[in-house]
Amino acid sequence: MTELLRAEHLTRHFKIGGTLARGTLHAVDDVSFLIGEREIVALAGESGSGKSTVARLLARVYPPTSGTVTYFDGTGAGKPLSALRSRRDALRYSAQVPMVFQDPFSSLNPVFRVSHGVLRALKLHRPELSAAERRAEAARVFDVVGLGAGMLGRFPHELSGGQRQRVGFAQALATRPRLILADEPVSMLDTSIRIGLLNLMAKLRAEEGVSILYITHDIASARYVADRLIVMYAGRIAETGPVEDVLAAPRHPYTQLLLSAVPDPKAPPPGLEALAAAAGERGEPPKVIDPRPGCRFQPRCPVAIDQCATVTPELLPLGTGEAACHVAQSGAEVKAFS
Amino acid sequence: MLEVSGLTVDYLTGTNPVRAVDDVSLSVGRGEFVGIVGESGCGKSTLLFAIARLLSPPAVVTAGSVTFRGENLVTMTDRRLNAIRWQNLSVVMQSAMNALNPVMPVGAQFADALRAHGTISRKAVAARSAEVLRLVGIDAVHLGSYPHQLSGGMRQRAMIAMALLFTPDLVIMDEPTSALDVVAQRSLMTQIKELQRELGFAVVFVTHDMSLVSHYSDRLVVMYAGQVAEAGATRRIFDRPLHPYSRGLLEAFPSIRGDKVPLQGIPGSPPDLSVIHNGCRFSPRCPVKLPACETTPPALLDREGTSVRCLLYDPGIAAVAQAEAGQATQPRRRRL
Amino acid sequence: MRKTLWRALARSPKATAGAILLAVFIVLALFPGLFARDNPTTIAYPRNLGPSAAHLFGTTGLGQDVFSQAIYGTRPVLEIALGAGLASTLIAALIGVAAAYLGGFWDGALNVFTDVVLVIPLFPLLIVIAAYVHNSGTGVLIAVLTFTGWAYTARQLRSQALSLRSRDFLAAARVRGERAAYIIAVEILPTMISLLVAAFLINALYDVLFASSLQFLGLGDPNSVAWGTMLYWAQNNEALQTGYYLQAIVPGAAIALLGAALALLNYAFDEIGNPALRPVRAPRARRRLASIRIRRPVSA
């Protein structure tokens, strides 16, 4: 697999609190992963897991506290993002690694027509095009995302949520990207509309050759569209691997918890005991402020051992993927949540 | 206990009033959990607001009745409504997390509600507040916390606790889990179910996520474009969905178990309610539509306990379709 | 978007009333000669006449026609109000929105600057400046009012822009590679149009009042024809004490009417910008509501 982007020991901390109660929020800690060409990688986790922060680090919204992100633009050795200083370099990167946002109701400027973002992106990143060529290209990307050139003249309030998200993808496509950072693109859409956009992402990968980092809290949609899965918890990676392998045999207790919580309409309803057991699990992801060493999932983990409270587990290869769990790494089979 | 009959809600804006809820009927028995499911814009939230008498202009109930314990909520006086509200019927709104007053501690808001309905003594207020918090699994110490100090899931549960202050007979919930993650969501749903068993109240639960209600609701009402498309026992609808829309909704769920299959979802989008459609409102998106679907609006028919609004189950139309398809096996029958 | 704006304005009775009134004043300012036969500065008539067919509002203590003065006095007032209003709103918009968008150091610096200007007592400053520049014409008044008027609006617009800052389309523009100046000018300001117009109208209103007050105090050019100077001369003439009421009432009423027009329009634009302020009338009254139809597919 040709490497496209490599994150190594990515860390981002935020200073929070006023003068009386200062603290450091560890949004992302020591995250390392790879994204290859023509693949869809799902980054899954609850809110507070750090997945959106990772996306913003990759989009260069802010710099990491430590760690590096290396981008391979296809012309040889990769360059770390911190080396992209000039405006030209920065523009080139944002053309090749654009972002699609979560909220369809606020991701488009209501004052302009929906073609505005696409045309601006083309103007900024492909200045060699003439005005007519820009319009033609805008029509082309609108066709690719399934909207049709006729929609170019509409205003955002005339479009449905699903259509607006497609406009977001069109804006990303306009600059001939190699990797699209999709930050929960379907979370705010009705479940019946999500499939359309998930199919669109698969189509973009197949036909336009684009890789996608798909950030979500919905494991089922991750399975549907992604090749590989990265599960994050409390700012660290819990488990990674090919999506089918991780879902069929999850190693990390947190992954098992996530899987057990997904309601499957086709499965029979849970019995009373299962209900009672589930009710005990509160589902509160921790806000990681000034954490102590040790596994962050340990307070909720039913199979934790002594080591888990004092030593932070490292992400080590395990089977076809990686897992950061002392119990799993010791070779024992983990059966935390059914 | 709750009987909605022929309810119709119009938005009186400008020249074209928009019919958001069209002739909807449903009933909720004691302790039942009824789910109302549909896409955005299908009228489910409007229906809920109409039942709870929370509609504000330009939305107005133009037909039908909502009978709660024998009294019609639509025509009730404000005074009587205030007496019933929260005591017998309470509401948990969408984005309930933001419905808490950010400048008052949670306990003060509970006290507000309690005092508004008669409980005066401070001891009684404190005791009842602590009790409902315990019911939803929140430590009573949080009565002194401000909403922003609680996590999203906890705020949601606090809202549910507030709805249970007077152990009402009916709790109406409008997408209370939409902003929660899947683990918190499951925790909340099981909690609600537990409380239901313990306290015996009925729940009307509105959501766009069908998989969410699949395990928890007794009966399901599927709405489309302001009308009831299908209604019946939950398991029934999940095992054998009758309406093409229900079928489409169910098939729009990628599963984490079993084979990975390409899914279609439902192409197109819900109709513009300000434009009057002839025929079935779902027909533009329906994969199995008949020619008659574009001209004849289907009525709500009963098929072995499940109501469905689809011409495919209308014996007269189906016969015509079969005849036209070259299988003239039945004589043309007059539609009733 | 523009069509819906016009429709919304047309449906609001406040907007319609305000717009008609303002239009009347604008016409009077542009074509005073069509309405007033006499030259306002002509001292030709008998003094202190009451209303009559020849002099609709009578004459002043110097023998000028009050009616003509009122008509011709409209232009300088409108020039000041609209000019100063526009200038101060533009400055306020740029500074307020830039502070909100840039955040951090720039926000702090611009805030300090705004606060300093805000704290300067307005009226004494106006008096001092106007006293230095003797017989200040409309240009000076516009400059003075602009300088003292932008700070409050800048604060307002800053907090409104702050609430817009979290909108994803701004993040999208940033990630797209747009420069900050572009984002402020092209992405943020246009979405605040109705707020900007409302701010402009309120500023214009206050400028009418301040300018007239300054002229009334004699700090404007007493020889010019404006409502404020009319009041100045009426005061000199002891018009109210001696029973020549119209000399004072007419300019006062004109100021009040123009102010009312601007205030009504301001309400209307406030309502457009903030739908929560729109009047809600029960359908029983069977009146149409002034609302923009937003066809968003949210849960009905």
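So, strand 3 of chain A: both of its faces are covered. On one side you have Ile40(A), Ala42(A) and Ala44(A), on the other Val41(A) and Leu43(A), and all of them are buried. Keep in mind that we're looking at a predicted model here. And why the two sides? In a regular strand the side chains alternate between the two faces of the sheet.

The strand runs over residues 40-44, and five of its five residues are buried, so the rest of the structure largely encloses it.

Okay, who are the neighbours? Strand 3 of chain A is joined by five bridges to strand 8 of chain A, residues 211-216, and that pair runs parallel. There are also four bridges from strand 3 of chain A to strand 9 of chain A, again a parallel pairing. In strand 8 of chain A, Tyr214(A) stands opposite Ala42(A). In strand 9 of chain A, the bridge partner of Ala42(A) is Leu229(A).

Now follow strand 9 to its end. Strand 9 of chain A covers 228-233, and Ala234(A) sits in the loop between that strand and strand 10 of chain A, 236-242. Ala234(A) isn't a glycine, and yet its phi is positive, about 50°. Is Ala234(A) buried or exposed? It's buried: Ala234(A) has 22 other C-beta atoms within 10 Å, and the cut-off for buried is 20 or more.

Let's hop over to chain B for another residue with that kind of backbone angle. Arg53(B) has a positive phi of about 55°, and it's not a glycine either. You'll find Arg53(B) in the loop between helix 1 (44-51) and strand 4 (59-68) of chain B. How many other C-beta atoms lie within 10 Å of Arg53(B)? The count is 18, so Arg53(B) comes out as partly exposed.

Last stop, the place where the two chains meet. Chain B puts 37 residues into the contact, and chain A puts in 37 residues. On the chain B side, the elements giving two or more residues are helix 6 (182-199), helix 7 (210-214) and helix 9 (244-251). Which of them gives the largest share? That's helix 6 of chain B, with nine residues. And what is that side made of, by class? The side of chain B that touches chain A has 14 nonpolar, 16 polar and seven charged residues.

Key
Residues numbered from 1 in each chain as written. Chains lettered and ligands numbered in written order. Predicted model: local features only at pLDDT ≥ 70, side-chain atom pairs only at ≥ 80, totals over all residues. Contact = placed C-beta atoms within 7 Å. Nonpolar A, V, L, I, M, F, W, Y, C, P; charged D, E, K, R; others polar. Buried ≥ 20, exposed ≤ 12 C-beta atoms within 10 Å, placed from the backbone. Pairing = 2+ DSSP bridges.
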